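Here are my notes on the structure you sent over. Have it open while you go through the points.

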Amino acid sequence: LRLLPNHGVHGVQDLASVLRQRGKAYRVVAGHLDDADTLPRCVMALRAARAARCFQTMRVLRVGDRFAGMGDFAVPDGALGITVETIQPGDLAADAAAVSAADVAAELAADRERYRVDCPEETHARSVRLGLGLRRYLERGRFGAFSMNFQSFTSDRGPVCTVPFLECCKAMARGVGYAGEGDAITAALVGALAQGFGGTTFCEIFCADWAGNSLFLSHMGEINPGVAAGKPLLYEKEYPFSAALNPATLACAPRPGPAMFVNLAPGPGGTFRLITAPVTVLGDGTHPDYERWVRGWIQPAVPVTRFLEEFSHLGGTHHSALMLGDHGAAVAAFGRFAGLEVSAITS
């Protein structure tokens with residue numbers, strides 16, 4: 001007597017077949033509602049779909065020109081349907097100048113609550129003013145992600161007299177995507193993963209720890225404080241690259257535990273591949289010089305030598321996203337929803 005009310009499996013198979021025939025991305029989650037993992041897997045599938053929708057409709061702001069000589073992310077604007085708008089640092093001047101003294105003071109006070117501040121107030125204030133101006137520009141333009149080329153910030157006068165590293169960090173904590181050096185594609189990836197799953201930061205592999213079978217992550221001054229293992233340090237960073245004044249920025253390490261290393265790799269003929277790899281974020285270092293560095297140590301599920309070989313053979317770029325948590329299946333689903341080839345580096 002229960003057969004007719006419970007014979008829905010073939011209907012799902014019918015629908016799945018039709019969706020595949022029509023080239024539609026989909027994901028099936030099978031299981032009984034009373035099973036402990038059925039609803040969580042449904043939620044992860046929905047998060048993947050949301051991330052893909054965010055990615056495919058992303059508006060990205062680029063501040064400054066793309067970093068010359070970096071060919072791995074030098075793809076045409078508009079690739080994958082992502083909208084990119086490019087401005088120069090001076091275009092932020094009006095918004096930065098319009099920030100009130102009261103708004104600057106309020107942000108300074110909030111920073112003293114959120115972070116360990118060891119920075120001259122003048123340096124902190126000029127970074128906050130420019131950061132709030134950049135924030136206004138992003139919100140007004142409804143940008144879900146942005147990238148900047150630090151080389152384009154060359155002035156030591158006016159409201160755009162430094163580099164907005166601090167706001168790059170804060171933006172990621174709000175779920176806004178970011179990538180350095182004019183890389184709009186990775187910025188969109190970081191933003192989409194952050195909107196879908198949270199706990200995502202821009203990152204770069206700096207070097208390998210061969211003896212420790214791990215990889216050291218770092219960058220000039222951009223990390224999502226929302227992934228930090230402890231209270232981030234807000235400090236004045238020496239800036240010798242142009243006449244721009246020293247900026248304030250954050251330094252911290254990500255929380256230890258399982259994570260996903262995710263990369264969007266351009267390929268031939270305008271194609272793109274999503275490279276995913278489960279990793280373990282290791283504990284923070286103890287050397288005193290590390291305190292003023294964006295830093296992190298990850299251990300892939302495969303030996304470092306194999307990881308580096310496979311990553312390069314797959315065409316991986318030097319800009320990536322690090323997502324805290326074990327999201328392997330969900331990130332693969334995101335890639336399929338977004339129409340990307342997915343390659344996983346696993347054990």
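1. Start with the salt-bridge network: Glu 107, Asp 111, Arg 114, Arg 135, Glu 167, Lys 170 and Arg 174 are linked in it. Keep in mind that this is a predicted model. One of the pairs is Glu 167 with Arg 174, whose closest N and O atoms are 2.9 Å apart. Glu 167 counts as buried because its relative accessibility is 2%, while Arg 174, at 36%, is partly exposed.

2. The total comes to 19 salt bridges. Have a look at Arg 292 and Asp 118, whose side chains meet at 2.4 Å, N to O. Arg 292 sits in the loop between strand 12 and strand 13 and Asp 118 in strand 3, so this pair ties together parts that are 174 residues apart in sequence. Arg 292 is partly exposed at 34% relative accessibility, and Asp 118 is partly exposed at 44%.

3. Arg 295 also pairs with Asp 284, with 2.9 Å between the closest N and O atoms. Here strand 13 supplies the Arg 295 and the loop between strand 12 and strand 13 the Asp 284, 11 residues apart. Arg 295 is buried, at 9% relative accessible area; Asp 284 is partly exposed, at 37%.

4. Now the cavities: there are two of 30 Å³ or more. The largest has a volume of about 80 Å³ and 14 lining residues, with Phe 202, Cys 203, Leu 217, Ile 223 and Val 294 nearest its centre. Strands 6, 8 and 13 each supply at least two residues of that lining.

5. The second largest cavity has a volume of about 60 Å³. Its lining divides into seven nonpolar, two polar and four charged residues.

Definitions and conventions:
Residues numbered from 1 in each chain as written. Predicted model: local features only at pLDDT ≥ 70, side-chain atom pairs only at ≥ 80, totals over all residues. Heavy atoms only, no water. 1 Å grid on protein atoms, 1.4 Å probe; cavity = no way out; pocket = protein on both sides within 12 Å on 5 of 7 lines; lining within 4 Å. Points joined across faces, edges and corners; volume = space filled by probe spheres on them. Helix = DSSP H or I, 4+ residues; strand = E, 2+ residues; numbered from the N terminus. Nonpolar A, V, L, I, M, F, W, Y, C, P; charged D, E, K, R; others polar. Salt bridge = Lys/Arg side-chain N within 4 Å of Asp/Glu carboxyl O. Buried < 20%, exposed > 50% of the residue type's maximum accessible area, 1.4 Å probe, protein only.
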